[in-house]
Amino acid sequence: MVHLLDTLAARGGASLHARGRAATTALLDELPSDCAGPVLEIGCGTGETSVQLCRYTDTVVAADASAAMLMSACGRFRWCGVGQRLHALQVSGDGSLPFAPATFAAVVIESVLAIQRPDTLLRLVGECSRVVKRGGRVIANETVWMARTPRKLAEEINQTAATSVGLIQAVLTPFDINDWVEMFESSGLNLIRKQRLDDLASDHDLRTTNRGLIIRSRAYTAWRRLRALMESGGIAKHLRLTRALAEVAPTQPCLEGILFVLEPIST
Ligand SMILES: C[S@@+](CC[C@H](N)C(=O)[O-])C[C@H]1O[C@@H](n2cnc3c(N)ncnc32)[C@H](O)[C@@H]1O
C-alpha cells in the first residue's frame, strides 16, 4: 500500500482537493470582505492555501493532524517569509479543536471533512460552528458522492481506495450534496451558497495582489517535488504513487467537488 497523505507530505504536495488552485481562488473570494480577526485553516496540509490567506488577515492558524504535513507547511511559511503571521498547530484528529468559542472570522477547509469517519466528521463540523464568530464564515471545498451513484459502488470505491492509498474517497453519510447541506444545518451552520466546482473556468488564476508571495509559495511546491524525485528511490516512489492513484480513480463520474459557503446560525 502507498500511504497517500504521508507520501504527499514528504514531497510537499499541494492543492490536494477538487479543481486545485482554481477552487482555492473561488474559496478565497468567499471570505468576508472585512475579515476582522484571525482565520483558521483546518487540514492545511503543506500550507499553500494558508500562505494565500495572509492576504486577507493579520493572523492565520494553520492546523493539521499530521506532523509531517505541518513540518512541510512550516518550511513553506519560512520560505515565503510569512512565519510571523502564520501559526502552525497540530490538532488531535478526533475532530475536536482547542479554541475558545467565536475565535475566528473565518474557517477554511479543503478536502478534509469528506475523508473523516462519520463521528469525527460530525464533531469537526460542530467545532467549526462553535469557533467561528457570529457574522463570520465557514467555507469548505469537499468531494461528495453524486446523487445518482449507487451506494454499493461508492462502498466498493472507498474499499479499494482505503486498501491502495490508506484513505477513502468520500464518507458515505452524508452522501450527496443535499445530505451535506442537511448535516451542516443540523450542526448549526446555515448555507449561504453552494457551487459545483466542475463549473469553474480556469485552473490557474494568479491574482495580481501579492503575486510575489504566491509565486514564491508555488516555487516551494515545485522545489519540494523536484527534491523528492531526485532522492534515492524518488522516481520509483513517484511511479508507485502514480500507479496507485490510477488504480483508485473511479472509472465513471460518481463524485463531485462542491464549495459550501456557510455561516453560523444566530441564536
Ligand atoms: C487531502 S489533504 C488536503 C490538504 C490541503 N487542505 C489541500 O487541499 O491541499 C487532507 C489533510 O487533512 C488533514 N487531516 C485529516 N483529518 C484531519 C483532522 N481530523 N483534523 C485536522 N486535519 C486533518 C490531513 O493530515 C491532510 O493534511
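A: Here is the model, and the answers below take it topic by topic.

Q: What should I know before reading it?
A: This is a predicted model, in which local features need pLDDT of at least 70, side-chain atom pairs count only at pLDDT 80 or more, and totals for chains, interfaces and linings use all residues. Residues are numbered from 1 along each chain as its sequence is written.

Q: How many helices and strands does the protein chain have?
A: The protein chain has nine helices and seven strands. Helices (H or I, at least four residues) and strands (E, at least two) are DSSP runs, numbered from the N terminus.
The radius of gyration is 18 Å, close to the 18 Å that the globule rule gives for 267 residues, so the protein chain is as compact as a globular protein of that length. That radius is taken over C-alpha atoms, and the globule rule is 2.2 Å times the number of residues to the power 0.38.

Q: What box do the C-alpha atoms fill?
A: Roughly 55 × 45 × 35 Å, taken along the principal axes.

Q: On to packing. At what angle do H4 and H8 pack?
A: Helix H4 (residues 67-80) and helix H8 (residues 211-230) pack at about 135 degrees, with axes 9 Å apart. That makes H4 oblique to H8. Axes are lines fitted to C-alpha atoms, for helices over the stretch in contact, and angles run from 0 to 180 degrees between N-to-C directions. Angles under 35 degrees count as roughly parallel, over 145 as roughly antiparallel, 65 to 115 as roughly perpendicular and the rest as oblique.

Q: Which residues make the contact?
A: From H4, Ser-72, Arg-76, Trp-79 and Cys-80; from H8, Leu-213, Arg-216, Ser-217, Tyr-220 and Arg-224. Two residues are in contact if their C-beta atoms, placed from the backbone, lie within 7 Å. By class, four are nonpolar, two polar and three charged. Here Ala, Val, Leu, Ile, Met, Phe, Trp, Tyr, Cys and Pro count as nonpolar, Asp, Glu, Lys and Arg as charged, and the others, Gly among them, as polar.

Q: And how do H8 and H9 pack?
A: Their angle is about 110 degrees, with the axes 6 Å apart. H8 is therefore roughly perpendicular to H9. Ala-228, Leu-229 and Met-230 of H8 meet Gly-234, Ile-235 and His-238 of H9. This contact has four nonpolar, two polar and no charged residues.

Q: Backbone next. Where is Ser-15, and what is its phi?
A: Ser-15 lies in the loop between helix H1 (4-10) and helix H2 (20-28). Its phi is positive, about 55 degrees, although Ser-15 is not a glycine.

Q: Which residues does the cis peptide bond join?
A: Thr-173 and Pro-174, with omega about 5 degrees. Pro-174 sits in the loop between H6 and helix H7 (177-186). Most peptide bonds are trans.
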